[in-house]
Amino acid sequence: MTTPASDSPYIGRFAPSPTGPLHFGSLVSALASYLDAKSHNGIWLVRMEDIDPPREMPGASDYILRQLQLHGLHWDGQVLYQSQRSDAYLSTLQQLQDRGLTYYCQCSRQQLKKRGGIHNYRCQLENPAEPTALRLALPDRCNIEFNDLFQGPQIQDVKQQVGDLVLRRKDGLFAYQLAVVVDDAFQQITHIIRGSDLLETTPGQIYLQQQLNYTSPQYGHIPVATNLAGQKLSKQNLTPPINHETPVKNLARAMSWLGLPVIKDANIASHTSCDELLAWAAAHWQRKLVPPEMERVASDGYQGDTTA
Ligand SMILES: [Zn+2]
């Protein structure tokens, strides 16, 4: 695996799971990663994290890509589909297994619950009958520190706070943690800008990168868009779909959410295009403008609301 040289360009990415169409929260994540990349003259890639068929919605991958294009969020290069990356995941698993870093686990949800939900002990299964998960055995002390571009210094004892990482799930599917680490390295991603709901998975990813001799990207977690009840916007809490009639307004609203001083003009859509608005935003994007917490109603349409 090649690692980015110190003078390598910025390579960012947006990596949605095709569980449904983009909603306002995922549009904010896409936009933040796009603007951070473009404001650094970077490359912006899109990767479809389609390795969990039971959770996916047929046609959602294409739909999401059309939604991005509708908003002028044009990616560089080819879209990478994780569903086509099985060979890479398998060979990485094999490598970790050959080095004795993994173990089989058949623990049930209930067993895990009894242990506080954290699996930090090595199961002793020599020749397990299927189905079985494969976990990465972490050392007893596994403190990972990193400096988040938005959230500041972070530290986590992965072993004690998260437990041994699942690399392959009991149902035979590759785990998110494995696929994301292998693909971020494969695509030579240098910066990962994403929602803070993934913040607690990051130290585990950094540890796995270290085991595989990958260079860790820089991480930045933007606050997740929530409704007034503090719930992450999702299909489950009836977040309305993006209005495809108003892409410029949607973008303006997402930019405002990210702290960009979008002009307070309710008619913005009538005299600006997505491309013009994105170019303006890339020129004005500053990480420090992103408000630390954003607990505003996201379902009420663009209001030309607060500017930083
Ligand atoms: Zn177990």
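The secondary structure of the protein comprises nine helices and 10 strands. Both are DSSP runs, numbered from the N terminus: helices are H or I with at least four residues, strands are E with at least two. The model is predicted; local features need pLDDT of at least 70, side-chain atom pairs count only at pLDDT 80 or more, and totals for chains, interfaces and linings use all residues. Residues are numbered from 1 along each chain as its sequence is written.

Of the 308 residues in the protein, 37% are buried. A buried residue has 20 or more other C-beta atoms within 10 Å of its own, an exposed one has 12 or fewer, and a partly exposed one lies in between, with C-beta atoms placed from the backbone. Contacts were also examined; two residues are in contact if their C-beta atoms, placed from the backbone, lie within 7 Å. Among contacts between residues at least 6 apart in sequence, 78% join residues at least 24 apart.

Three strands form an open sheet in the order β1-β2-β3, with parallel pairing. β1 and β3 stand at the edges and each has a single partner strand, so one side of each is left without a neighbour in the sheet. Strands pair if DSSP finds at least two bridges between them. Strand β1 (residues 11–14) pairs with β2 over four bridges. One of the bridge pairs joins F14 to V46 in β2. From β1 the chain crosses through helix α1 (residues 24–38) to β2, in a right-handed β-α-β crossover. Right-handed means that, with the strands pointing away from the viewer, the path from the first strand over the helix to the second runs clockwise.

β2 and β3 pair over two bridges, again in the parallel sense. Here M48 has Y81 of β3 as its bridge partner.

Just after α6, Q188 takes a positive phi of about 55 degrees.
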